[in-house]
Amino acid sequence: MESKICTACGQPFRPRPQTPAQMYCPAPDCQRERRRRWQLEKRHHDPDYHDNQVRAQQAWSKRNPAYWRQYRAAHTAYVVRNREMQRERNRRKKSPPLAKMDASIADLATRLPSGVYCLMPITDPGIAKIDAWMVEITMLFPAGPR
C-alpha cells in the first residue's frame, strides 16, 4: 500500500490495510487532533450531541467549583498571558473601559466636590464585572457651607 500524508502533521505514513481511507498517522498527537476535529464537527452539525456536551460541562463545573481558581493559582504564566490577551482584545474592541468590582479611584473624594448628584444609568456600558453599575454623574448643585 502506498504512503499518504498525515492531515495533522504533514508527515508521510502508511495507512492500515483495514482502513484504506485513513487520513491521520498513528502518532498520539495526530490521533488527538483527529478526535478533536471530529468532536468539533459533531458539535457543529448535531444539536443533540451539542446539548449533551453542554449539560456534561455544566455538571462537571458543579462538581468542581474551585477548579479554575486552583488552576490559576498553580499556573501563574497562564494568568499573566490571559491578562495580556484580554487587554489586547479590549484595545482592539475600542470599547469603554471595563468596570470592575471595587474599582473606585483612591483620590476620587479630592477631585469630586461634595454636592447633590443625579446618577443616570448608562445603556450598553460594554463589559462590566459582577455587580458594577455604569452611571453618569451630573452635579445638580454644590454643597453649601455647614
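Helix H4, spanning residues 76-93, contains 18 residues, and the distance from its first C-alpha to its last is 26 Å. This reach is close to the 26 Å expected at 1.5 Å a residue. The helix is followed by Lys94, which has a positive phi near 55 degrees. The model is predicted, and the values reported here for side chains rest on heavy atoms, with hydrogens and water left out.

A pair of aromatic rings is described by the distance of the centres and the angle of the planes. In this model, the count comes to seven aromatic pairs. One of them is formed by Trp38 and Tyr49, whose ring centres are 5.8 Å apart and whose planes are at 75 degrees. The pair is classed as edge-to-face because the angle is over 60 degrees. Trp38 lies in helix H1 (residues 28-45) and Tyr49 in helix H2 (residues 47-63), so that the pair, with its partners 11 residues apart, links distant parts of the chain. Tyr49 has a relative accessibility of 18% and therefore counts as buried, the cut-off being under 20%.

Tyr67 and Trp68 make up another edge-to-face pair, with 5.0 Å between the centres and 80 degrees between the planes. Both residues are partly exposed: the relative accessibility of Tyr67 is 33%, and the relative accessible area of Trp68 is 43%. Tyr67 and Trp68 also belong to one aromatic cluster, together with Trp60, Tyr71 and Tyr78.

When residues up to four places away in sequence are not counted, Gln22 touches Lys4, Phe13, Pro15 and Arg16.

Cys118 is part of strand E3, which covers residues 115-121. With a relative accessible area of 25%, Cys118 is partly exposed, since the value falls between the limits of 20% for buried and 50% for exposed. The C-alpha atom of Cys118 is separated by 6.0 Å from that of Ile137, although the two residues are 19 residues apart along the chain.

Methods
Residues are numbered from 1 along each chain as its sequence is written. This is a predicted model: local features need pLDDT of at least 70, side-chain atom pairs count only at pLDDT 80 or more; totals for chains, interfaces and linings use all residues. Rings of Phe, Tyr and Trp (its six-membered ring) pair if their centres lie within 6.5 Å; planes under 30 degrees apart count as stacked, over 60 as edge-to-face and the rest as tilted. Helices (H or I, at least four residues) and strands (E, at least two) are DSSP runs, numbered from the N terminus. Buried means under 20% relative accessible area, exposed over 50%, partly exposed in between (1.4 Å probe, protein chains only). The expected span of a helix is 1.5 Å times one less than its number of residues. Contact means heavy atoms within 4.5 Å.
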